[in-house]
Amino acid sequence: MKNDNKISPYLIFDPDICTGCAACVKACPTKAIRIKNDKSIRTVDYCITCGECVRICPHSALSSDIFDMNQIGNGQISVAIVSPVLYSQFPEMLPEEILTGLKKIGFDHTIDLSRYTELFQYATDEYIKRNKISNELPTPLISPICPVIIRLIMVRFPNLLDQVIPLKRPVELIELEIKQQLSDRFGVKKDLINLCNITPCPSQKVSTHMMKLSNIDSSVGINKIYRKLSQELEKMEENDTTSLHESYESARGPMWGMSGGEIAGLRTENTFAVSGLNETITYLEKIELGLFQDIDYIEFRCCPEGCIGGPLTVTDKYLAKNTVHKLVERFGIGRRLSQEKALRIYEKGFFFSETKPSELTRIFGIHKDPLSIELLKKMEKLLDIIQGKDCSVCGAPDCRTFAEDVVRGKASIDDCIILKYRDADTDEQIKALSLKS
Amino acid sequence: MTDLKKIFHVKGNDFTHAGEASVNIKNMLKSIGLDPKLIRRIGVCGYEGEMNMVMHGGDGTLSIEINTDKIILYLDDNGPGIEDLELAMKEGYSTAKDEYREMGFGAGMGLPNMKKNADEFTISSKVGRGTQVKMVFSLNH
């Protein structure tokens, strides 16, 4: 029998497969994982669903809890909410053909998320412009798009939550009214409309920490529909329907999925884009240090190359990038929606999230008590005594984290292989620290 | 009485690791729950100082002293020293090499920026011997 257990809203751990190698412990960007000799793995409350541990585990003892596509019940109308990343997955096909393909594999209706990404870009430009006058939030402002990055900021850089712009993400903008519209259109009751988010991102499915997609009924990874869809698209290609779609308006949507695609569509010029978790952490450290205050806005994506590098994609991320480049070359990134209308709904508060990012830490109770100077001093002394090599035998990712666990009373001195076999001299030094055991 | 003092070594011309000492200092201050605005001021000062050492100062140290009433940063290098201190404190004055300016450094804001962000700022320098800077940040508001 499979001995699975869930150790975070996102992670499933199989202790029978785990060898206790601690690769996951070291890979975790929020230092959330500890592992003990008996291979019991535990996470503290800081899982940000980035999936680094899943990617690095050499034995596949960790997996992410991915939902399957919901079975569509009788009489239900299934509506695909399509992430623009999907358009990067089929090099020979145009976005409109892909939408047609989705209908052929069973969706009754499709909604291109590109419309909402474009609205979001209008709103972002407006927010940045107004913030320059009001100085309400400190710069650089930070993109609210990537859910993993927002959780990373909550856990490791809560001071920077103030800099995350308080706008809804495109997928959150899909109004409740859309269900009403569709129910009128298809002549069925509202609760028979099933909105299904087709996404490259496993993190979207975890509805903790403000990322609740209240209007979306289900989510499915691009990888789950890929085969069926590509078979259908091949058939369509044979029938050559492409001439219908020569008039595709703009590649602004497909561009969104690529690192830099969000800011490329902004009027604000003083911006840059960072992708990949390690790079992101480096830049968040710098921002917290007080650098880049003269930059207006920074786009962050936790996946390398942006959402086209998401874990639920199929096509190689660099090939996907090439596909996007070709679309941009051919169709440009012109706007399809009116700014006037966007600004009108901006005034009505349409874009603003109910929860301010700066309130997230308080609401979700992710809070680490600060150390006293006395404890920090003990921690530094302990580190001087260990002079360790970050071996992780203790089960913590590095000596510094171990030392902090010890002074907080969450780990024992003897967990450290260096300290366990200490001489009398070292023992004296440790006793002098009078640590809680 | 000093509660805690920690010394970080900074290597001249090592741009790969430039800024690491400041990040470590920032994270220490974060762990004791210091006010984010104050952390940012101290962070900027540490970073500017560290970059100065990397660009001009040769090898040196960046140290932090955490006391219950104040935090002190010390910069101490054995670089070329500063010829005209008054001039060096002027915004926009820079002796950085062109190659560093191309990297986005050397805008002549380093020392003035440190002075602006610290509650107390003292500097002493001898040509051929090195430069020492002390910056005090008060914790009593």
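A:Cys53 is buried, with a relative accessible area of 8%, where buried means under 20% relative accessible area, exposed over 50% and partly exposed in between (1.4 Å probe, protein chains only). The model is predicted: local features need pLDDT of at least 70, side-chain atom pairs count only at pLDDT 80 or more, and totals for chains, interfaces and linings use all residues. Residues are numbered from 1 along each chain as its sequence is written, chains are lettered from A and ligands numbered from 1 in the order in which they are written, and side-chain values use heavy atoms, with hydrogens and water left out.

A disulfide was taken as a pair of cysteine sulfur atoms within 2.5 Å. By this rule, zero disulfides were counted over all chains. A:Cys53 is accordingly in no disulfide, and the nearest cysteine sulfur, that of A:Cys50, lies 6.3 Å away. A:Cys399 is also buried, with a relative accessible area of 13%. The closest cysteine sulfur to that of A:Cys399 belongs to A:Cys391, and at 6.3 Å it is too far for a bond.

Chain A contains 17 helices and 12 strands; helices (H or I, at least four residues) and strands (E, at least two) are DSSP runs, numbered from the N terminus. Of the 437 residues in chain A, 56% are buried. Contact means heavy atoms within 4.5 Å. Among the contacts in chain A with a separation of 6 or more, 73% are between residues 24 or more positions apart. Chain A exposes about 20,000 Å², of which carbon and sulfur atoms supply 48%; accessible areas come from the Shrake-Rupley method with a 1.4 Å probe, and for residues only the protein chains shown count as cover.

Chain B has five helices and five strands, which run β-α-α-β-β-α-α-α-β-β from the N terminus on. Buried residues account for 49% of the 141 residues of chain B. Of its contacts between residues at least 6 apart in sequence, 65% join residues at least 24 apart. Chain B exposes about 7,200 Å², with 47% supplied by carbon and sulfur atoms.

A nonpolar core is a set of buried Ala, Val, Leu, Ile, Met, Phe, Trp, Tyr and Cys residues joined through side-chain atoms within 4.5 Å. The largest such core has 57 residues, and B:Leu29, B:Ile66 and B:Met135 have the most contacts inside it. Helix 2 (residues 36-57) of chain B gives the largest share of this core, nine residues. A second, separate core of 45 residues includes A:Ala22, A:Ile33, A:Leu152 and A:Cys302. Leaving aside neighbours within four places in sequence, B:Met135 is in contact with residues including B:Cys45, B:Leu73 and B:Phe121.

B:Asn113 is found in helix 5 (residues 110-117) of chain B and counts as buried at 16% relative accessibility. With neighbours within four places in sequence left aside, B:Asn113 is in contact with B:Val44 and B:Glu48.
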